[in-house]
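Here is a short briefing to read alongside the structure. Please keep the view open as you go through the points.

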Amino acid sequence: MSTEKKSLLFITTELPYPANSGGRIKSSRLIQFLSEYFDVRLVCAHSLESKPDLGKIRETLGVSSVQVFDTFKPRTPFNWFMALMQFPSFGTFRVYSKKLESMMKWGIDGADVVIIDHLDMMEMINQKQIGKVYYHSHNTEHKLWEDFALLEANPIKKWIIELEANRVKRFESWVIRKSKKTFAAPNDIENLKDAAGVDSDKFHLTYHLGDESFLDQPDLALEENGHKIFYAGTLNWMPNKDGLIWFLENCWDHIRSHVSDAELNICGSGADSDLLRLIETQTGVNYMGYVEDLKPLMAASSAAIVPLRFGSGMKIKTFDALYRGIPLITTSVGVEGAALESGVHCLIADDPSAFSNSVVEMLNDRTKASGLATAGRTLVRTSYTYPIIFKQMLTNLS
């Protein structure tokens, strides 16, 4: 009997290596898992590294080949106008190239299974081929734009964002209707199903989790830790930037007035000049930039915050805190798609006063904080790990 693996073509926007952000973590974990069952060929629109070591990446991810195209266009008014004239969304314009489009057409024809990772890559698929592909959604993309528009005060910028939200919604709906199946988080399935006007049988469930290796670390000694608060997130991602600014402007002074030695350690690349200026004005706030190994900072923390006001999908930073057993304070947006209960697994608050008081409570009441952290860690260990969800996904790939 032949044991030859079926071929799988995995097409994504950016090379998921190094796996140092939410989307790249999920994509890299998924590719590694699929490589155990398929002969995986990886195609990426662009890379974070100028000259990635493709040999090392093939070995790390377990794929038979990697192709990376330098096709990422910058965010400029001219490029936005060009996208408006020729493409269904700004994101699809930014990753497009004729060479990549041709390669995708050839690769899809020769693959047994095709997974398109991220919405932006779907525009380059020949319409005759789209019924063959599985769409792996990381977010409800149009909802991100709609929520962003709600927070924008400038009327011109608001109109532009709303225009893009409508364009993305039309494209996203078309992709879901035409593709073979869509893998999405539970909270996203409801939004996408309604937007596309399709039944639930067009979807398969997946989860977007964090670094489950944190589960291997020992429980925190909270009683020995200082009043250190942990935050990690990619700061050029608008929901992260907005949430952190909201926290610093509305919560931090209150927290410091009740816990005078409280410190906030912010980890993550991409902070722009406006955010950096705000951080510099805050006493007790340390911007660490990109931190390759988060374990020492996490081990020394007494609380973690996920202050998101909008977004979609499941929040990897939420799962990272729970995996590590750090007492978590988040908003309802931060726990979307996960069966987390406030007061049992974490504290959930949406207004500044309640969020601030929740942080103070976690810093001062170590007994309660420890109980929440233990319950949260137990939940994610039993219900939210990659082997569980990937085995479920595997049964739905043909």
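A nonpolar core is a set of buried Ala, Val, Leu, Ile, Met, Phe, Trp, Tyr and Cys residues joined through side-chain atoms within 4.5 Å. With that in mind, take a look at this predicted model. Its largest nonpolar core has 90 residues.

**Nonpolar cores**
- Within the largest core, the residues that touch the most other members are Leu34, Phe247, Leu264 and Tyr384.
- Leaving aside residues up to four places away in sequence, Phe247 touches Trp252, Ile255, Leu264, Ile305, Pro307, Phe355 and Val359.
- Another core lies apart from the largest one and holds 31 residues, including Ile108, Met121, Leu192 and Phe203.

**Packing of α13 and α15**
- Helix α13, residues 316-324, packs with helix α15, residues 366-383, at an angle of about 110°, and their axes are 7 Å apart.
- Because angles of 65 to 115 degrees count as roughly perpendicular, α13 is described as roughly perpendicular to α15.
- On the α13 side, the contact is made by Phe319, Leu322, Tyr323 and Arg324; on the α15 side, they meet Gly376, Arg377 and Val380.
- By residue class, this contact of α13 with α15 comprises four nonpolar, one polar and two charged residues.

**Glu190**
- You will find Glu190 in helix α8, which spans residues 186-196.
- Glu190 and Glu4 are 186 residues apart in sequence, and their C-alpha atoms are 38 Å apart in space.

Methods: Residues are numbered from 1 along each chain as its sequence is written. This is a predicted model: local features need pLDDT of at least 70, side-chain atom pairs count only at pLDDT 80 or more; totals for chains, interfaces and linings use all residues. Side-chain values use heavy atoms; hydrogens and water are left out. Buried means under 20% relative accessible area, exposed over 50%, partly exposed in between (1.4 Å probe, protein chains only). Contact means heavy atoms within 4.5 Å. Helices (H or I, at least four residues) and strands (E, at least two) are DSSP runs, numbered from the N terminus. Axes are lines fitted to C-alpha atoms, for helices over the stretch in contact, and angles run from 0 to 180 degrees between N-to-C directions. Angles under 35 degrees count as roughly parallel, over 145 as roughly antiparallel, 65 to 115 as roughly perpendicular and the rest as oblique. Ala, Val, Leu, Ile, Met, Phe, Trp, Tyr, Cys and Pro count as nonpolar, Asp, Glu, Lys and Arg as charged, and the others, Gly among them, as polar.
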